[in-house]
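User: Could you walk me through this model, starting with the ligand and then turning to the strands?

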Amino acid sequence: MAGLFITFEGGEGAGKTTQINRLAERLTQDGHKVVTTREPGGTPESEKIRDFLVQREGGNWTPCAEVLLLFAARTMHVEKLIRPALEAGKVVISDRFTDSTRAYQGYGHGFDLKTIESLEALVLGGLVPDLTFILDIDAKTGLERSGRRLAAEALSLKQKEDRFENLDITFHERLRAGFLEIAKNAPERCLVIDAMQSVEDIAQQVAEAVRARLRQA
Ligand SMILES: Nc1ncnc2c1ncn2[C@@H]1O[C@H](COP(=O)(O)OP(=O)(O)O)[C@@H](O)[C@H]1O
Ligand SMILES: [Mg+2]
């Protein structure tokens, strides 16, 4: 049995982690074998690369180096975790995937999208999520939510994962527009959800879309 690959995308504080936890719980109750994972990260090696990319003092990378680090982490993630889990018939839910590279480094920082697409061809070998939820929120509200979460985490300043949160608001606005553009270009895969709704309402819409997709499988 082939598994199902679901990704959650969207800006900081959109509610991705909250919704992934809800969905994983629901699918597990329904009897599915569920693997939750995240990017950058997902394997021990990729988690090390994550620290370079997201921590406040992770490094001052050039755009090209940043993209290559993301794809180095992603190839490990795909080969060591995602593909084997899908082959074992599991539902894999990833908190961000390659759409985030397109949105952050492409639309956000202006890195060449064609280059990102050729790296995808190299690293993904045709792997495309079955379903992508794009949680859409205005940049200001998202950053407020994520700021509250970061403040609540008991991490040292050095370990704070706020490298992207600290970029200016116009970056986050480009990011949001980028995610909407990605959804427009792949309507069969992407579902845009208004992330200003309640946690409950969003969870309901997510669950319905996943159940519909599982019935097709
Ligand atoms: N629909 C929602 N309405 C209000 N607050 C939310 C909602 N979803 C999540 N939150 C809160 O916003 C913060 C960020 O949510 P989180 O799931 O960590 O977002 P992300 O993973 O997208 O950064 C958390 O404190 C969370 O409790
Ligand atoms: Mg999160």
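Analyst: Happy to! Ligand 1 sits in the largest pocket, where a pocket is an open set of points on a 1 Å grid over the protein atoms alone that fit a 1.4 Å probe, with protein on both sides within 12 Å along at least five of seven lines, and sitting there takes more than half of the molecule's atoms within 2 Å of its grid points. This is a predicted model, with local features needing pLDDT of at least 70, side-chain atom pairs counting only at pLDDT 80 or more, and totals for chains, interfaces and linings using all residues. Residues are numbered from 1 along each chain as its sequence is written, chains are lettered from A and ligands numbered from 1 in the order in which they are written, and side-chain values use heavy atoms, without hydrogens and water.

User: Which helix gives the most to the shell around ligand 1?

Analyst: Helices here are DSSP runs of H or I with at least four residues, and strands are E runs of at least two, numbered from the N terminus. At least two shell residues come from each of α1 (16–29), α6 (139–152) and α8 (199–216). With three residues, the top contributor is α1.

User: Why is strand β3 largely enclosed by the rest of the structure?

Analyst: Buried means under 20% relative accessible area (1.4 Å probe, protein chains only). One side of β3 has V91, I93 and D95 and the other V92 and S94, all buried. Strand β3 (residues 91–95) is largely enclosed because the buried residues number five of the five.

How values were computed
Buried < 20%, exposed > 50% of the residue type's maximum accessible area, 1.4 Å probe, protein only. 1 Å grid on protein atoms, 1.4 Å probe; cavity = no way out; pocket = protein on both sides within 12 Å on 5 of 7 lines; lining within 4 Å.
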